[in-house]
Amino acid sequence: MFMGSCVLLLLLQHVFGCWDISQQIVCWGGGLLGGGGCGIMCCMKMLFYWGVMSAAAAGVLGSCGRQESTRREPQSPQEMYERVRELLQPNVEHDASDFEEAMVWLRRAAEGGVLQAQTDLGGIYLEGGKGGVKADGKEALVWFSKAADQGSMEALYYMGLILKRGMDVPQDEERALVCWRRAAEGGVAEAQLGLGLALVLAGGDAREGVSWLQKAAAAAAPKVAAQAACALGNIFAKGREGVARDMAEAARWYALAAQGGVAEAQLVYALMLLKGEYAPKNPAEGLRFLRLAAGQESLPAMELLVEWLRGTDGGAAEAEAWAKRLRALREGAESKRARP
């Protein structure tokens with residue numbers, strides 16, 4: 001009986017993972033049968049009546065301190081990046097994202113050569129603010145450079161942005177334009193916009209700049225396309241060396257930019273429509289674009305809208321509402337300037 005009980009005890013310890021509960025089952029079974037040495041088979045029958053059912057119901061299994069099974073740790077850099085995506089998206093296992101742990105795995109994935117992880121890490125350091133991470137242009141440049149070495153055109157654009165603005169690194173416009181040119185040739189609309197503006201405004205080849213801006217204006221990204229259209233409107237409205245002044249062409253680009261939501265273009269195109277200069281006169285459409293620009297808190301647009309509404313029948317109430325909003329914005333701006 002002693003040998004049989006010992007074997008059973010070891011067996012139960014293996015099943016339950018706990019010495020204490022195994023002893024409880026053997027002792028309880030032996031006592032119930034009068035200690036008459038029924039052997040292993042008799043005691044094994046107790047597993048179904050008490051050892052499993054009762055122990056689970058009483059929560060005795062929890063007293064063993066057995067821990068929940070943990071998920072297998074990511075091994076490859078790509079698995080590490082997949083873990084980042086899991087941690088940043090709440091699911092059945094955790095109801096909130098875990099940015100701190102995600103950053104650990106993101107850095108490991110980036111160090112392991114995962115291109116998208118390098119780009120993501122660069123973006124986090126470029127913007128800053130997320131999860132308490134401070135903006136660090138120098139650190140961002142490191143990771144964008146690694147991603148660019150693997151052929152990322154997007155990373156090249158951000159490298160150019162950091163170098164052009166001198167964000168925590170020495171300003172280097174020449175190198176920035178090299179990055180933007182490569183990215184622009186790779187089809188990155190933001191790089192096409194940046195390169196085009198730089199060539200026009202910095203006294204470079206304005207015709208080449210216009211060419212890049214036209215490519216950006218045809219991009220699928222609406223915001224970039226609208227900004228490029230507005231830039232083209234300004235260029236044709238003023239003229240540049242190698243680019244003749246053409247107000248009809250300027251009006252066409254301003255119209256596209258206004259429809260794309262650029263407040264500056266909405267204001268200019270509204271004036272063209274209200275006065276019938278360089279575009280067919282259309283006061284109703286002109287007021288619509290003027291309201292859209294004013295709604296984006298363009299102070300010149302608000303001023304013009306107030307003035308125009310006061311000169312129309314039934315526009316006094318709306319003019320006063322816009323005038324009140326204009327005063328509030330000006331007072332707020334003055335208050336900010338007065339702060340030490």
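The accessible surface of the chain comes to about 19400 Å² (by the Shrake-Rupley method with a 1.4 Å probe), and 53% of this surface belongs to carbon and sulfur atoms. The model is predicted: local features need pLDDT of at least 70, side-chain atom pairs count only at pLDDT 80 or more, and totals for chains, interfaces and linings use all residues. Residues are numbered from 1 along each chain as its sequence is written, and side-chain values use heavy atoms, with hydrogens and water left out.

The chain has 340 residues, of which 40% count as buried; buried means under 20% relative accessible area, exposed over 50%, and partly exposed in between, with a 1.4 Å probe and protein chains only. Its secondary structure comes to 18 helices and zero strands. Helices (H or I, at least four residues) and strands (E, at least two) are DSSP runs, numbered from the N terminus. Among contacts (heavy atoms within 4.5 Å) with a separation of 6 or more, 39% come from residues 24 or more positions apart.

Buried residues in α7 include A117, L121, I124 and Y125. The buried residues of this helix pack against α5 (77-87), α6 (99-111), α8 (137-149) and α9 (153-165). Just after α7, G128 takes a positive phi of about 70 degrees.

In soluble globular proteins, nonpolar side chains tend to be buried together. A nonpolar core is a set of buried Ala, Val, Leu, Ile, Met, Phe, Trp, Tyr and Cys residues joined through side-chain atoms within 4.5 Å. The largest such core here has 51 residues, and Y269 and L290 have the most contacts inside it. Elements giving two or more residues to this core include α11 (189-201), α14 (247-259) and α18 (316-338). Helix α13 gives the most, with 10 residues. Leaving aside residues up to four places away in sequence, Y269 touches A251, Y254, A255, A258, A279 and F289. A second, separate core of 42 residues includes A102, Y125, A191 and L195.

C179 counts as buried because its relative accessibility is 6%, and C230 is buried with a relative accessible area of 4%. A search of the whole structure finds zero disulfides (pairs of cysteine sulfur atoms within 2.5 Å).
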